[in-house]
Amino acid sequence: EGPGLGLSEHRGLGGEAVRRRDSVNSAVTLDTPRALDTPRSEASAAEASNPSSEGTGFSRSVTFRNYREYIRALKEARTGEFDFHTSAMKRGLGQVIPLDTLAMFTWKELEMLVCGQGVTKRHIQSLKRMTSYTGCSASDKHIQNFWYMMENVFDDEQRAKFISFTWGRSRLPQAEKDYEQRFKIATHNASEASSNPDSFFPLAHTCFFQIDLPKYSSVSAMTKRVVWAMESCASIDDDSHSTSTGMRVEETPEEEAGESYWNEGF
């Protein structure tokens with residue numbers, strides 16, 4: 001066969017490949033998928049992913065005469081290594097809906113139908129209509145500030161995080177009729193007796209799609225506390241964590257003077 005490529009590939013610690021240069025005239029030894037010697041139907045995904053293991057594949061010299069065959073076999077092995085898994089998923093999906101109907105949708109449309117939509121600014125009006133209030137009303141100043149924050153302060157990623165913080169999911173249903181429950185904004189009882197509601201965090205109830213919202217004095221004060229709460233308690237497993245219980249946090253003199261990180265970015 002023709003002259004070799006002059007490179008050898010060896011497996012190093014941690015699965016990293018360490019390449020070294022051999023003599024120019026020596027043949028190259030590369031881990032070659034079993035598909036090079038066996039039809040793809042007979043080569044399992046495990047063999048393709050670990051071709052150098054004993055009994056699952058072998059090393060063959062790759063030369064200028066057969067390198068195209070090696071590339072073809074490698075491509076075939078990689079593009080088909082999950083065929084078994086995807087076929088099982090397809091069969092399972094076919095037990096729920098007729099597979100022929102999927103041709104009507106793009107993958108993005110199908111994802112939206114199954115998972116719902118993300119949370120963009122235009123979705124806030126729909127969320128408003130699907131909101132009920134307990135101990136407060138839509139005309140209250142802090143409620144108006146809340147909707148201003150959702151529409152004009154938060155970006156799409158922050159809106160999704162807020163929905164995750166209050167509902168345990170990051171998407172809204174596609175249509176209002178698909179809401180399993182209404183979003184609820186309730187009075188924050190712990191802060192009601194305080195002269196400084198800005199020192200309290202909101203309290204989320206993911207099972208009820210509810211937030212207990214203190215009567216923050218401004219949009220800025222509300223944004224600081226809400227962002228901190230939803231960033232620190234992104235998982236519903238943290239419901240029992242102190243930061244998700246609406247606890248009170250007193251600001252330091254530096255914070256009161258506006259010298260803390262609370263004021264950064266707002």
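Student: How many helices and strands are there in the protein chain?
Tutor: Keep in mind that we're looking at a predicted model. Counting along the protein chain gives ten helices and eight strands.

Student: And what share of the residues is buried?
Tutor: The protein chain has 266 residues. To count as buried, a residue needs under 20% relative accessible area. The share that passes is 36%.

Student: What part of the contacts comes from residues 24 or more positions apart?
Tutor: Here we look at contacts in the protein chain with a separation of 6 or more. Of those, the part from residues 24 or more positions apart is 62%.

Student: Let's take helix α2. What distance apart are its end C-alpha atoms, and why does that agree with what it should span?
Tutor: Helix α2 covers residues 67-80, which is 14 residues. At 1.5 Å a residue, α2 should span 20 Å. That agrees with the model, where the end C-alpha atoms are apart by 20 Å.

Student: Which residues of α2 are buried, and within what arc do they fall?
Tutor: The buried ones in α2 are Tyr70, Ala73, Ala77 and Gly80. Look down the axis of α2 and these buried residues line one face of the helix, because they fall within an arc of 125°.

Student: Which residues are exposed on the other side of α2?
Tutor: For exposed, the cut-off is over 50% relative accessible area. On that other side of α2, the exposed residues are Arg68, Lys75 and Thr79.

Student: Moving on to α6, what do its buried residues pack against?
Tutor: Start with who is buried in α6: His142, Ile143, Asn145, Phe146, Trp147, Met149, Met150 and Glu151. The buried residues of α6 pack against α5, β5, α7, β6, β8 and α9.

Student: At roughly what angle do α6 and α9 cross, and are they parallel or perpendicular?
Tutor: The axes of α6 (residues 141-153) and α9 (residues 219-232) come within 9 Å and cross at roughly 70°. The contact is made by His142, Asn145, Phe146, Tyr148, Met149 and Val153 of α6 with Val219, Met222, Thr223 and Val226 of α9. The crossing is right-handed. Angles of 65 to 115 degrees count as roughly perpendicular, so α6 and α9 are roughly perpendicular.

Student: How do α6 and α7 sit, oblique or perpendicular?
Tutor: Their axes come within 8 Å and cross at roughly 135°. The contact uses Phe146, Met150, Glu151 and Val153 of α6, plus Gln158, Arg159 and Phe162 of α7. Given that angle, α6 and α7 are therefore oblique.

Student: Is Thr131 buried or exposed, and which residues does Thr131 touch?
Tutor: Thr131 is in strand β5. Its relative accessible area is 6%, so Thr131 is buried. Leaving out residues up to four places away in sequence, Thr131 touches Trp147, Arg182, Phe183 and Ile185.

Student: How far apart in space are Gly168 and His205?
Tutor: Gly168 is in the loop between α7 and β6, and with a relative accessible area of 39% Gly168 is partly exposed. In sequence, Gly168 and His205 are 37 residues apart. In space, C-alpha to C-alpha, the distance is 9.2 Å.

Student: What is phi of Phe209 near?
Tutor: Phe209 is in the loop between β7 and β8, and counts as buried because its relative accessibility is 0%. Most residues other than glycine have a negative phi. Phe209 has a positive value, near 50°.

Terms used:
Residues numbered from 1 in each chain as written. Predicted model: local features only at pLDDT ≥ 70, side-chain atom pairs only at ≥ 80, totals over all residues. Heavy atoms only, no water. Helix = DSSP H or I, 4+ residues; strand = E, 2+ residues; numbered from the N terminus. Expected span 1.5 Å × (residues − 1). Buried < 20%, exposed > 50% of the residue type's maximum accessible area, 1.4 Å probe, protein only. Arc of directions from axis to C-beta. Axes fitted to C-alpha atoms, helices over the stretch in contact; angles between N-to-C directions. Parallel < 35°, antiparallel > 145°, perpendicular 65-115°, else oblique. Left-handed = near helix turned anticlockwise from the far one by under 90°. Contact = heavy atoms within 4.5 Å.
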